[in-house]
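Open the model in your viewer and turn on residue labels. The stops below go from one selection to the next.

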Amino acid sequence: EKLQQSIDYWNKNDYISCWVHVPASRASLIEPLASEVGENSDTEGRQGLGFELHHVNATDQTIILKKWLRKSVDKIPPFATHQVGCAGFVLNEKMSYW
């Protein structure tokens, strides 16, 4: 209920998106968060909040959900699946880096 009140406030005050970090030990919270808006998601009659899975942080053991609050197309990029790196070094005229 309090999260829904917060979402309503953010919508009224032109926030763009919101994020929820759920510890893996509290994974039972995912269903009501990720259910479609207006859908009954639990036995207490609470409505779904329409969050979407963004990614899982294995290091912190958290599940990260996001919700786009605007009526426009969701502009949050998907979570990165790869890393690209590059490296370089400079040699002097003696072919040494010292």
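Select β3, residues 62-68. Thr62, Ile64, Lys66 and Trp68 point one way from this strand, Ile63, Leu65 and Lys67 point the other way, and all are buried. Buried here means under 20% relative accessible area, exposed means over 50%, and partly exposed is in between, with a 1.4 Å probe and protein chains only. Because 7 of the 7 residues of β3 are buried, the strand is largely enclosed by the rest of the structure. Strands are DSSP runs of E with at least two residues, helices are runs of H or I with at least four, and both are numbered from the N terminus.

This is a predicted model, in which local features need pLDDT of at least 70, side-chain atom pairs count only at pLDDT 80 or more, and totals for chains, interfaces and linings use all residues. Residues are numbered from 1 along each chain as its sequence is written, and side-chain values use heavy atoms, with hydrogens and water left out.

The three strands form an open sheet in the order β1-β3-β2, with antiparallel pairing. β1 (17-23) and β2 (52-57) are the edge strands, and each pairs on one side only. From one strand to the next the twist averages 25°; for such angles, axes are lines fitted to C-alpha atoms (for helices over the stretch in contact), and the angles run from 0 to 180 degrees between N-to-C directions. Two strands count as paired if DSSP finds at least two bridges between them.

Now keep β1 and β3 in view. They run antiparallel and are joined by 7 bridges. Then label valine 22, whose bridge partner in β3 is isoleucine 63.

Which strand does β3 meet through 5 bridges? Select β2, which runs antiparallel to β3. Here leucine 53 stands opposite leucine 65 of β3. In the hairpin of β2 and β3, 4 residues lie between the strands, and glutamine 61 takes a positive phi near 55°.

Stay with these two strands and pick glutamate 52, whose bridge partner in β3 is lysine 66. The two residues also form a salt bridge, with the closest N and O atoms 3.3 Å apart. A salt bridge is a side-chain nitrogen of Lys or Arg within 4 Å of a carboxyl oxygen of Asp or Glu. Since lysine 66 lies in β3 and glutamate 52 in β2, the pair ties together parts that are 14 residues apart in sequence. Lysine 66 is buried, at 6% relative accessible area, whereas glutamate 52 is partly exposed, at 43%.

Aspartate 74 is partly exposed, with a relative accessible area of 29%. Through shared partners, Glu52, Lys66 and Asp74 are joined into one network of salt bridges.

How many salt bridges does the structure hold? The total is 3. To see another of them, select aspartate 14 and arginine 70, whose closest N and O atoms are 3.5 Å apart. This pair links distant parts of the chain, 56 residues apart: aspartate 14 is in the loop between α1 (2-12) and β1, and arginine 70 is in the segment after β3. Aspartate 14 counts as exposed, at 52% relative accessibility, and arginine 70 counts as partly exposed, at 33%.

Pick the cysteines next. Cysteine 18 is buried, with a relative accessible area of 5%, while cysteine 86 is exposed, at 80%. The structure holds 0 disulfides, a disulfide being a pair of cysteine sulfur atoms within 2.5 Å.

For the last stop, select phenylalanine 89 in the segment after β3. Phenylalanine 89 is exposed, with a relative accessible area of 68%. Together with Leu91, Met95 and Tyr97, Phe89 forms a nonpolar patch on the surface, with about 530 Å² of accessible area in total.

Methods:
Patch = residues over 30% accessible without salt bridge, like charges linked within 9 Å, V, L, I, M, F, W, Y side chains within 5 Å. Areas by Shrake-Rupley, 256 points an atom, 1.4 Å probe, with all protein chains shown as cover.
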